[in-house]
Amino acid sequence: MTNYFSLFNIPEKFSIDLIELKARYQTLQKLTHPDRFVNASDQEKRMYMQKNTQINDAYFVLSASVKRGEHILDIRGFKRVDEQATHSDNSFLMQQMMLREQLSEATDEVSFNALEDEVTTLTNDLLDKVRNGLDSHNEAGHRAAADALTKLKFLAKLGEESLARKEQIL
Amino acid sequence: MAYSEKVIDHYENPRNVGAFDKNDPTVATGMVGAPACGDVMRLQLKIGDNGIIEDAKFKTYGCGSAIASSSLVTEWVKGKSIDEATEITNTDIAQELALPPVKIHCSILAEDAIKAAVSDYKSKQA
């Protein structure tokens, strides 16, 4: 599989400089843009078109923390569990349930803010776990990172729902 | 996406929504979640001395299919033994609700919730 970090020539780390990433993306995007190759042969056009698509895919993955973390696990050959597999960490799920209940009862700015603060704290804590796990470069660390990445998906969903409900109510 | 009439019925009139005390030794609690869509499901079974499921309650935060799958399961498990309950498969649920392929994972979640509840009960009894 293509290593998107190599493609952008940046270190393979979970913590990345998003501003630098964007700058590199824009440069590579321009270099491979189809408009530059109107006079090239069909074969070359196809090649640059593929490169251009790959750069877009890479940017999409590297700029989103969960996708970036999963990509690092993938390029290191760590076998992640299927996204469709049921998650069963009891205490985590109970906490999620509680937060959803809290959201369904939120009616004013104060309660939404309290919930958002909690989601932010939990998210940052999980992002730390991903970073530490990936930086460790060992199996146990990779497993911890994979688990935290799965949990981040529940929090992302909660964040989306909170935003939607807030717009509806406030 | 079009939901089947049965899904809509369970979604609009969910059966047995609520909770039992999870610390009650006769209560089995199954907590499961689907990372792909962020759905969270809690299924609780109240089990009699004879090992028969006397009552069931659920709470699901998720899409219509996930709510319908868990609501249907609470109806199906009542009167069954815990072993019979674990024989309910996601295929049974998906067929009954006419779930489209993209919503099959909701029925898998409900099946896994039964299994998680039963294993919670067994660990409580042990």
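Let's start with a pair of charged residues: A:K129 forms a salt bridge with A:D125, and their closest N and O atoms sit 3.5 Å apart. Keep in mind that this is a predicted model.

- A:K129 and A:D125 both belong to helix α6 (residues 109–136) of chain A, where they are four residues apart, about one turn of the helix.
- A:K129 is partly exposed, at 43% relative accessible area, and A:D125 also counts as partly exposed, at 38%.
- A:D147 pairs up with A:K151 in a salt bridge whose closest N and O atoms are 2.8 Å apart.
- This pair lies in helix α7 (residues 139–169) of chain A, with A:D147 and A:K151 four residues apart, or about one helical turn.
- Are the two partners buried or exposed? A:D147 is partly exposed with a relative accessible area of 33%, while A:K151 is buried with 9%.

**Other salt bridges**

- Four residues of chain A, namely A:E70, A:D74, A:R80 and A:K153, are linked in a network of salt bridges.
- Over in chain B, B:R15 forms a salt bridge with B:D9, with 2.8 Å between the closest N and O atoms.
- B:D9 is partly exposed, at 33% relative accessible area.

**A buried asparagine in chain B**

- B:N90 is found in helix α4 (residues 90–97) of chain B.
- With a relative accessibility of 17%, B:N90 counts as buried, because the cut-off is under 20%.
- Leaving out residues up to four places away in sequence, B:N90 touches B:I104, B:S107, B:I108 and B:E111.

**Where chain B meets chain A**

- How many residues are in contact here? On the chain B side there are 20, and they meet 18 residues of chain A.
- Together the two chains bury about 1,600 Å², with 66% of it on carbon and sulfur atoms.
- B:M31, B:P35 and B:Y61 supply 42% of the area that chain B buries against chain A, more than any other three residues.
- There are zero salt bridges between chain B and chain A, but four residue pairs are in polar contact across the interface.
- On chain B's side, the elements giving two or more residues are β1 (27–34), β2 (39–47), β3 (53–61) and α5 (104–125).
- The residues on that side divide into eleven nonpolar, four polar and five charged.

Definitions and conventions
Residues are numbered from 1 along each chain as its sequence is written. Chains are lettered from A and ligands numbered from 1 in the order in which they are written. This is a predicted model: local features need pLDDT of at least 70, side-chain atom pairs count only at pLDDT 80 or more; totals for chains, interfaces and linings use all residues. Side-chain values use heavy atoms; hydrogens and water are left out. A salt bridge is a side-chain nitrogen of Lys or Arg within 4 Å of a carboxyl oxygen of Asp or Glu. Buried means under 20% relative accessible area, exposed over 50%, partly exposed in between (1.4 Å probe, protein chains only). Contact means heavy atoms within 4.5 Å. Buried area is the accessible area (1.4 Å probe) that two parts lose on being put together, summed over both. A polar contact is a pair of N or O atoms within 3.5 Å; within protein, one must be able to donate a hydrogen and the other to accept it, and residues adjacent in sequence count only if both atoms are side-chain atoms. Ala, Val, Leu, Ile, Met, Phe, Trp, Tyr, Cys and Pro count as nonpolar, Asp, Glu, Lys and Arg as charged, and the others, Gly among them, as polar.
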